Amino acid sequence: MSGPSTSTTPTAPVRRRTGLFRTAWRFGRTKVGVALAGLIVLIAVVGPFVAPYTPTEFVARPFESGADGTLFGGDNRGRDVLTRFLWGGWTLLLLAGASAGLGVAAGTVIGIIAGYRRGWVDDVLMRTNDVLLAFPQLIAALLVMSIIGPKVWLIVAVIAVSHMPRVARVIREATRKVIEQDYVKAAEAIGLPRGRIMAVEILPNVTSPLLVELGLRLTYSIGVVAVLGFLGMGLQPPTADWGLMINENRQAMAVQPWAVALPVTAIAILTVGANLITDGLSRAAIGIDRGVEK
Amino acid sequence: MTEQPENTRAEGSTADSRPSTEGTVLSVDGLTVIGRPSDVEIISDVSVSVNRGEILGLVGESGSGKTTLGLTLLRHLKRATEIVGGRVWVGRQDLASLSERQVRELRGRAVAYIPQSPASALNPALRLGDQLSEALHDPTLTRSEIADRVREVLREVALPDDHAFLRRYPHQLSGGQQQRVAIAMAFVGRPDLIVLDEPTTGLDVTTQAHVLETIRSMTREYGTAGVYISHDMAVVADLADDIAVMYRGELVEHGRADAVLSDPQHEYTRRLLMAVPLLRTSGHEEPPARDGEPLLRISGLSAGYGRTQVLEGIDLSVSPGECVALLGESGSGKTTLSRSVAGLHHQFAGGLVFDGQALATSSYRRTAEQRRRIQYVFQNPYEALNPRKRVRDQILGPYRHLVGRPDHPDLVVAQALERATLPASYGERFPEQLSGGERQRVCIARAVATRPDLLVCDEITSALDVSVQAEIVKLLRSLQDDGMALLFVTHNIALVSNIADRVAILNQGEIVEYGTVGQVMSAPEHEYTRALIADTPDFELSFPGAPERLGLGLEQEGRGVDSGA
């Protein structure tokens, strides 16, 4: 506590510490990540409105490249590849976003409760988590899909549940650090209800690891949703979906490469972009936790 | 810098000392360090010198640049700081001219460093023997020579030197032992200069007295020059030969210790000197006899953690408007007792009666009225405020929960801040925009916002600079004048002798002495109390114009303390 060099002049105007986002933005990787991910999100969101055809319209012969009026030719049924590509993104993003969001939210709640209440509550929650963790993410998804059948809500639920224990572990650790702080004890001393303590005192102080987790889980979700689509356990034909597109068109990859290359590239760029953003966020979070600038 | 007082009275060394001067180990000449990217001068044009076998006390408050200066002597610069002017000579070496490799050889041999917190400075995974041998890092020595040297230095710091001790890990030692290991590590290489960065701040007075004695005898014996960095004038006055006072990066005063203490030139030095709480052993007024039922009565209380019993048979009472001090060293159970009163420590048995009603063990089983009337202020203001909430919300949160939704929330905040002597505009700030003292005031404002009858203060000044401590103590006294009762928990006996009406001395979970402050301070009955009083650095203000502090009543005492605020 002796002489922190950063606060030498007590008279200097006090400046609020830069937030997580602003710190993360200073890293070049974050900017690249935002550009990459932003590009793909833009394609997925605007795509359906600018697509030249409807996604199920037949405009060429199957696997015909260079047909009139198409930029990238036709797919396995003779539908326009560009149109299907433009239409196929938003379902992927929506499913990935929803499952990551739900999974992180549930994991956060469980992590904070387990970290704060300790005792048997902690044991029950975390041992249940361990059981869930024992299932590999993708295998568990495939197992449930093949039993119940591929349904959209099920995809979201299964991926969310598989994220939950991983998030819960991280948040539980962060919570344990926070509850050592006296402001939590101060709230207990005045008898603030436990729920409010968790929501008002603890949650705002675990946002840094929370954001990093969210980015990480989003990346994983994109991968899992795409793989499920590819394996036929995700969205069903004739829906336009990137994962599905890769599966449908892979037999004719040599003849009509665009139908596979476009969705593959898009998923790759999106994943790399999301990863870079997450990386920037986690670096910023570490810096903030240590109390150092830059 | 407008004045150069450091040159006027320096004895034993010439002002513009070159390394050629015999006996001068360290000389710093016009050193300026700036922080990037704002180019703020952390240290501006500082010149000091230290002779062989002498100790320079470097005094200043947090942020005055004293630690930065101390680290510069090892040619270690904190992140984003840069030396832009001046020279540092250690022995005959100019630090600026050294290569990275030479700097590594310099550290530990020519210059050694003793950090503030030994617990975090010792490697928890290394045995003490390995750690000490590593500090010696001299390739010319054989194994047995290293082992002999390590044992020798351990004997010198009064630690055991047997094999079993060398195989211990740092966590198996007490805080005082850890600090002595850190001292041994610093002295093992027979350095020319040793930099001590507040090495006794976290220690009890008894341990502090031992550690200071060790440091003093070691520097004399080795002929090492010492730079002792501290914010506590009392410790420095006890130890140093020279004193240098830093204020906002500048050296405002420098001279022989007795000269600085008896005739301080700079206004800031006077303020620092007057902020030191003096141990008053006489002249206490007899507190008025309190009749009727006390506000808080603790009877036969025992508490523990698991199977470990920490407190045994505690009897204590606090009357309305009275300040009762609970004095004890770390591990004496004083925090456990105060937390039991606040409902934060649940594992206790015995009577706890507040205003005629028994208190439940957990704060959650107490009535809202009881929770409102007993408020708790935490030791460390850096941890006691939620960093994500504005001061305004920190104050209004407990108020809404315990009193109800206020009609004029702004007024509640402004009044609470005013009672803690902060401007109402502070309500919009976040904790990180406040200094340590301001944070502690916000904590007090949060506690007094609900108009409690009893304020439990757990070591609330120990994390703060001495000058800030004095202001907080003054604030507490004014709250007490308003009729609030205080349970003041501390290890600082000098502070207690100035603020308390009655004192309970806690030693290893039992109250060994309990009485009015005049009684306990002037005629201590228990030998533990006598030892505490003897180990406190004796310090007296002798400069002309200083208030004659001994023999004055409590009221004037308070006015004297705050003159710098």
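The domain assignment of chain B, whose bounds come from an automatic or database assignment, gives domain 1 (1–12 + 21–110 + 193–273 + 539–565), domain 2 (122–190) and domain 3 (296–525). The model is predicted: local features need pLDDT of at least 70, side-chain atom pairs count only at pLDDT 80 or more, and totals for chains, interfaces and linings use all residues. Residues are numbered from 1 along each chain as its sequence is written, and chains are lettered from A and ligands numbered from 1 in the order in which they are written.

Between domain 1 and domain 2 of chain B, the contact (C-beta atoms, placed from the backbone, within 7 Å) takes 13 residues from domain 1 and 14 residues from domain 2. On the domain 1 side, helix α8 (residues 205–222) of chain B supplies the largest share, seven residues; helices are DSSP runs of H or I of at least four residues, and strands are runs of E of at least two, numbered from the N terminus. That side of domain 1 of chain B divides into seven nonpolar, five polar and one charged residue. Ala, Val, Leu, Ile, Met, Phe, Trp, Tyr, Cys and Pro count as nonpolar, Asp, Glu, Lys and Arg as charged, and the others, Gly among them, as polar.

In chain A, the secondary structure comes to twelve helices and zero strands. The C-alpha atoms of chain A fill a box of roughly 75 × 50 × 25 Å along the principal axes. Of the contacts in chain A with a separation of 6 or more, 70% are accounted for by residues 24 or more positions apart.

Conventions: Contact = placed C-beta atoms within 7 Å.
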